[in-house]
Amino acid sequence: MVDVGTLSLIVLLAMFALLAIGMPLGFASAFLAVVTLVLKFDVDILFRTFGQGPLSVLGQAVYRQMTNYVLISVPLFIFMAALLERSGIARDMYNSLNVWLSRVRGGIAIVTSIMAVIMAAMSGIIGGEVVLLGLIALPQMLRLNYDQNLAIGTICASGSLGTMIPPSIVLIFYGLVTETSIKALFTASFLPGFMLATFFLIYIIVRTQMNPALAPLPPEDPDAPKGGEKGMMFLGFLAKFTMYFTGFLLLRALFFTVTGDNVVREGVDPIVLGMVSDIPWIIGAFAIAALLVFVIIGRERTAKGWDMGKGLVAPIIVIGVVLGSIYMGITGITEAAGMGVVAVFVIGLLRREMTFDIVWDSLMRTLRSTGTIIWVTIGAAALAAAYTLAGGPTYVANMIVNSDLPTMGVILLMMLIFLIMGMFMDWIGIVLLIMPVFLPIVIRLPPEEIGWFGSIDPRFIPIWFGVVFCMNMQVSFLSPPFGPAAFYLKSVAPAHISLTDIFKGFLPFICLQLLALMVLLAWPPIITIFL
């Protein structure tokens, strides 16, 4: 029987060796799970009685993961992302954003980042975003002689924002493994996610203003609206959309009033924007929007603005269906994912773009992606269970706690381990293998010593650590040698762009990601603002 310290070293070295020779992470984890039990326990104990003993723990751990209801949301979000990628919704969104920002220095790069944020809020799938942005935005930027490094870095860094911005698949898995509220994780990650996106936008604007040669302006269209006229048209688009949205909310509130569902009851949460007290405010917003459309801006100017910006309507509807149903308390995460799929499918039908070939191809992509995730989940869950049974988490926890490092030293050490593991291992494996070891240690640390500015409520430490982990995984998507964003982009990039060129374009954006990570570590209360 091997002691737990030696076993830990064997498992770590064996994992790197198996990954280095090309064995898939799911199979490598499952193989090491059995090896761990064989080294820790007598082989006879493992197989003496079927369904009992240490070996049965592996099956129980896998069963718990596979029967978790929230896990169903993962293939649904992947299916939704695949439908979005194949339909024209994303293309029209890009064209609409480009209309408003075409004469801004670095406008296409800015449009790409904003589009990535919107897509992240629709599906939270990283690979699909990078591929789609590579197909739509990269040819445009290269055609206009944008700096290649700026174009590559913008697409891959912005395309990985789905890790942070809800509905993030990474946050869903973290919530499943650590039994943390996924809704709370989504709420806490909003501000950090948009903070990181803002860092990207500021960097693009500053770099292109300092060196205009990095982002030449496109030829000016003499027929396109300019200056204040374009601003009024954009205001008209917003006013018309607000009028439609508040009209829908008014009908909804009146329906609840007629049915008596919005009566105040003790112990029952009020309907968000559906109570009788909300009706005057909704009517007021509708009246202001109508005044802008019909009087101040004018119907003709508003109609032109609507034609220029209508590509944004479908994405906003999808985001409203998915996130609105979660935060309004209408559905859970899984049901919201299903509603998002239905919303994208119906919009595609209305646009006459949803063909059988698109649906079939999207289903096949979903099957392949989900199969990969499931196999990694099975293997990692088995290895985590075996290592836990061998006493590994207790050994690692005692080793870290007894290292005499200060609280922030312990957390920084964990961040370094995450960064190194992220270079070689898929995030799913890191969540399932390392998080059960690290999170209990973080919970045991003095909460008043976490961070350098402000303090965090002990109740929110698991949520904070999950958001910090996701920010760390942002870096892993761009980190060589196995940064997946590079390979996603390479699959659709022109032949003259090599993997070395792609990784070179990542460097400034990795620095921005590390800066955002340091903000979360230094100021933990940033995640509790909306909780």
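Predicted model: local features only at pLDDT ≥ 70, side-chain atom pairs only at ≥ 80, totals over all residues.
Student: Why is the pairing of R91 with D92 called a salt bridge?

Tutor: The closest N and O atoms of R91 and D92 are 3.7 Å apart. A salt bridge requires a side-chain nitrogen of Lys or Arg within 4 Å of a carboxyl oxygen of Asp or Glu, so the pair qualifies. In general, side chains of opposite charge can pair when their charged atoms come close.

Student: Why is R91 called partly exposed?

Tutor: The relative accessibility of R91 is 41%. Buried means under 20% and exposed over 50%, so R91 counts as partly exposed. D92, at 23%, is partly exposed by the same definition.

Student: What makes the contact of D92 and R351 a salt bridge?

Tutor: The side chains of D92 and R351 meet at 2.5 Å, N to O, and the cut-off is 4 Å. D92 belongs to helix α6 (residues 89-101), whereas R351 sits in the loop between α16 (333-350) and α17 (356-389), so the pair ties together parts that are 259 residues apart in sequence. With a relative accessibility of 27%, R351 is partly exposed.

Student: How do you know that R301 and E229 form a salt bridge, and which helices hold them?

Tutor: Their side chains meet at 3.3 Å, N to O, and the definition asks for a distance within 4 Å.

Student: Which residues of the largest nonpolar core touch the most other members?

Tutor: Of its 166 residues, these are F418, W464, F465, F506 and I527. Helix α20 (residues 427-444) supplies the largest share of this core, 13 residues.

Student: What makes F465 a contact partner of Y174?

Tutor: Contact means heavy atoms within 4.5 Å, so F465 and Y174 have heavy atoms within that distance. Leaving aside neighbours within four places in sequence, F465 is also in contact with M414, M415, F418, M435, F438, L439 and V442.

Key
Residues numbered from 1 in each chain as written. Heavy atoms only, no water. Buried < 20%, exposed > 50% of the residue type's maximum accessible area, 1.4 Å probe, protein only. Helix = DSSP H or I, 4+ residues; strand = E, 2+ residues; numbered from the N terminus. Core = buried A, V, L, I, M, F, W, Y, C linked by side-chain atoms within 4.5 Å.
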